[in-house]
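Biologist: I would like a close look at one part of this model. Please keep to what the coordinates show.

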Amino acid sequence: RGGRGSERETPCEVVGRGRMEAIVSEMGKKATFLKATNSLAAMVESGWDCGDAAGRDAIFNACKRCFSLLRSRYSAVGFWRAGKALAEACVAAMHTDPKRLATAKEWLSLAVIEVTNGDAASGV
């Protein structure tokens, strides 16, 4: 491997270096929630099957935190759209883990309802 930064890190390496903690921290601020949620969705899409159980646990726990924040603090439809994209990524990636897949499907159902209701309320 080349020098530092010469190659992109794999999602598992990013998880291993504490990126998940940074994403969770970014989700705690309204100004960076969307960016963090989009980063997390990309990580789910590209890194779920890396074979690293600790990495999958960290990703899943970050997803749980995201949906907890959506339910409690970030209820605007724009935030839920990002949550819907994350839930869709989770459903696609977690197909080999029945328990987590069931949770991801619950997140997606909730996100679809919130986005649909938000769009209806705003006349979209």
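Biologist: Leaving aside its neighbours within four places in sequence, which residues is Lys-30 in contact with?

Modeller: This is a predicted model, in which local features need pLDDT of at least 70 and side-chain atom pairs count only at pLDDT 80 or more, while totals for chains, interfaces and linings use all residues. Residues are numbered from 1 along each chain as its sequence is written, and side-chain values use heavy atoms, with hydrogens and water left out.

With those neighbours set aside, Lys-30 is in contact (heavy atoms within 4.5 Å) with Tyr-74 and Phe-79. Its C-alpha atom is 8.9 Å from that of Arg-73, a residue 43 places away along the chain. Lys-30 has a relative accessible area of 53% and is therefore exposed (over 50%; buried is under 20% and partly exposed in between, with a 1.4 Å probe and protein chains only).

Lys-30 lies in helix α3; helices are DSSP runs of H or I, at least four residues long, numbered from the N terminus. Leu-40 belongs to the largest nonpolar core, where Leu-40, Met-27 and Leu-86 touch the most other members out of 31 residues. Such a core is a set of buried Ala, Val, Leu, Ile, Met, Phe, Trp, Tyr and Cys residues joined through side-chain atoms within 4.5 Å. Helices α2 (19-27), α3 (30-47), α4 (53-72), α5 (77-93) and α6 (98-122) each give two or more residues to this core, and α4 gives the most, with 8. Beyond four places in sequence, the contacts of Leu-40 include Ile-59, Ala-62 and Cys-63.
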